[in-house]
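Please bring up the sequence and the 3D view, and we will walk through them together.

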Amino acid sequence: MTSIFSQILTVMMMNIRSLPQRFWMSFSATLAISVVVAVLLSFLSMSKGFEKTLEGAGSENTAIVTRSGSKSELNSVLSNDIVNIITAAPGIAHNAAGQPIYSPELFVIVDGIRRSSKLKANLPMRGISSVGFELRSNVEIAEGRMFEAGKNEIIVGKAAQREFAGFDVGTEVRFGKTIWTVVGLFSTGGSAFESELWADTRTVQSQFRRGNSFQTVRVLLETPGDVQGMVDLVKQDPRLVLDIQTEAEFFSEQGEALSGLVSIGWALSIIMSLGALAGALNTMYTSVSDREREIATLRAIGFSNISAFFGTLVESIVLSILGGFIGAIASYLFMNGRTTATMGGNFTQVGFSFEMSPELFQDGIYLALIIGLVGGIFPAWRAARLPVILAFRGGV
Amino acid sequence: MSGKLLYDLKSVSKTFVKGKEKITIFDKLDMSIAEGDFLAIMGPSGSGKTTLLNMLGGVDQPTGGEVFFNNSRVDTLSEGQLARWRANNIGFIFQFYNLMPMLNAARNVELPLLLTKLSSSQRKKSVETALKLVGLSDRATHMTSEMSGGQQQRVAIARAIVSDPKLLLCDEPTGDLDRKTADEILSMLQLLNRKFGKTIVMVTHDAAAAAYAKRTLHLDKGVFVEKDLAA
Ligand SMILES: Nc1ncnc2c1ncn2[C@@H]1O[C@H](COP(=O)(O)OP(=O)(O)OP(=O)(O)O)[C@@H](O)[C@H]1O
Ligand SMILES: [Mg+2]
């Protein structure tokens, strides 16, 4: 047993020492694997960060009412009358005064300048009331103060401020013909709302000429997750052409756009893995044919074919794990904590952070390991099957 | 022939199949080699010298007949068993030395010892002894790729004898060397045979090389004729 071990070790050491002879080939195979791993991990860390952002946003306690088929807050319109009818539905929680707890909201798009690209991008602005604050968990004014009703004042979400220039507390911003003052900075514990600007509902209605209409209504549910009372009312009343969803459902639908992106990430990684695999196979077959005579000579001396097999396999695995580490570390250095914005379902920017976790790191190394194993096993098999008489062939 | 019988080949045949063609190299060949012999095998190119040596060394199998080594049959052993048998009994010396270019001389010589239970200090001692015997003590840490052909073949001889096998199998050991260097190598083999009792089977084209052996067999079309050296 110790003999087998020292045989494998010797073959391995010889392979590794002869690596400089195949430096560029081995180097490019390693590099290909590191690129595959880096791409995969970038996609995964992006989806992880996005998931976390949306996870924080959706609650089972709140339902969101939109016009039927509008799919996003931006496309929805609700008249004041409709809001009054639906908020009378059963299943909605009431306050001490016996009034239903709901927040009619507006959702408009304004222009912002991205800090990174210096280009214009869509930025969502929400008309909201104090009830709307209560319907969202973890809302905190991190800097400055709340906006005042009836004034052109906004508060800015942390992610929005991070991504967009010119939203420091105290500055004035211009949207179309209107001028607004930034009076505060708010956080919502990392959820998607942090990518928004908030202002008083009535002020947004008048400044954006929305008359008396809203876009969505958020209601507090008596029983978390139970929207049946509202759904029944919509069925009975032909005036109500509405979709009722819990906020959690609503956001998870929004997230589906990105899950497509993650699938693309996987598909791309797999295609690239096949390329890297071809590179690894080629490198290892070359390594074996370079060492044919040496392997056969060792076998003639009495080395087992197991040592030829594992020596080759280990070379492949060492190269690929090296590639995996390089790729994982590169994507960690470039991606972790990096924030970016992507299109949410509202065609607005949702800011989020790349999340590089130890599990993702591990996934990257596993992928590299699989490429190394598959790329090494066939050449290793060839090495093990090499006829010993090759040692006696003439010519060098 | 004197001494204990080391090899006994009984009715050995060897046929290669190349596509549809069957090439018979040996047809029912009988041969025996005594312990302590120094046998040279000569013959024209393609007469089967290397094939015979490979069958003796268990790196190629006969298609018929039986090969006995020390009275036990070896042609029926499995590949793994053969590898162990070779490790215990045979040292190979090749025409092109077959050293590992990325290892230094001492590491090359050490290779067969990695198959034994020796400790690293015991291995080191054996390697030193073997290198001393071939006159390369001062070159232990040199890379073999930087050595002359004669020096490389001496390293290869050291590697072949380091684990003290009974038998040395040499295929054209001087085929790649000039006359003077060849004579040095052959004297060394002769010494190993005479002083250390190694049985040696050497394939060669060169009558001058064969002259160092105790006897010579001439192989032609799969059969041999034993000739007196003087003849
Ligand atoms: N693996 C093989 N497959 C088919 N034919 C083979 C194989 N090995 C050897 N031969 C044939 O067997 C014959 C004997 O070959 P061998 O190498 O034993 O000759 P040799 O006497 O050593 O020749 P040389 O002096 O040139 O080294 C040759 O005709 C060769 O072509
Ligand atoms: Mg030959």
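Which residues of strand 3 of chain B are buried on one side, and which on the other?

## A covered strand in chain B

B:Phe38, B:Ala40 and B:Met42 are buried on one side of strand 3 of chain B, and B:Leu39 and B:Ile41 are buried on the other, so that both faces are covered. Here, buried means under 20% relative accessible area, exposed means over 50%, and partly exposed is in between, using a 1.4 Å probe and protein chains only. Because five of the five residues of this strand (residues 38–42) are buried, the strand is largely enclosed by the rest of the structure. Helices (H or I, at least four residues) and strands (E, at least two) are DSSP runs, numbered from the N terminus.

Before going on, please note that this is a predicted model, in which local features need pLDDT of at least 70, side-chain atom pairs count only at pLDDT 80 or more, and totals for chains, interfaces and linings use all residues. Residues are numbered from 1 along each chain as its sequence is written, chains are lettered from A and ligands numbered from 1 in the order in which they are written, and side-chain values use heavy atoms, with hydrogens and water left out.

## Strand partners in chain B

Strand 3 of chain B runs parallel to strand 8 (residues 199–203) of chain B, and four bridges join them. Two strands count as paired if DSSP finds at least two bridges between them. B:Ile41 has B:Val203 as its bridge partner in strand 8 of chain B. Strand 3 of chain B is also joined by four bridges to strand 9 (residues 215–220) of chain B, again in parallel. There, B:Ala40 is partnered by B:Thr216.

Chain B also holds an open sheet of four strands in the order 2-1-4-5, with antiparallel pairing. Its edge strands, strand 2 (21–34) and strand 5 (72–73) of chain B, each pair on one side only. Ten bridges link strand 1 (residues 5–18) of chain B to strand 2 of chain B in the antiparallel sense. To find this pairing in the view, look for B:Phe16, whose bridge partner in strand 2 of chain B is B:Ile23.

Chain A is divided into domain 1 (2–55 + 257–392) and domain 2 (61–224), with bounds that come from an automatic or database domain assignment. Their C-alpha centres lie 48 Å apart.

Helix 11 (residues 358–385) of chain A has 28 residues and reaches 40 Å from its first C-alpha to its last, close to the 40 Å expected at 1.5 Å a residue. The expected span is 1.5 Å times one less than the number of residues. At A:Ile377 this helix bends by about 30°, and a proline, A:Pro379, follows within four residues. The bend is the angle between axes fitted to the seven residues ending at a residue and the seven starting there.

## Strand 8 of chain A

What does strand 8 (residues 197–200) of chain A pair with in parallel? Strand 3 (residues 120–128) of chain A is joined to strand 8 by four bridges, and A:Ile128 stands opposite A:Asp200. Strand 5 (residues 153–157) of chain A runs antiparallel to strand 8 of chain A, with three bridges, and here A:Val156 stands opposite A:Leu197.

A:Ser26 sits in helix 2 (residues 23–57) of chain A and is buried, at a relative accessible area of 4%. Its side chain reaches the backbone oxygen of A:Arg22 at 2.9 Å. A polar contact is a pair of N or O atoms within 3.5 Å; within protein, one must be able to donate a hydrogen and the other to accept it, and residues adjacent in sequence count only if both atoms are side-chain atoms. Leaving aside neighbours within four places in sequence, A:Ser26 is in contact (heavy atoms within 4.5 Å) with A:Leu19, A:Thr283 and A:Leu319.

A:Thr87 lies in the loop between helix 3 (80–86) and strand 2 (102–113) of chain A, and counts as buried at 4% relative accessibility. A polar atom of its side chain lies 2.7 Å from the backbone oxygen of A:Val83 and one lies 3.3 Å from that of A:Asn84.
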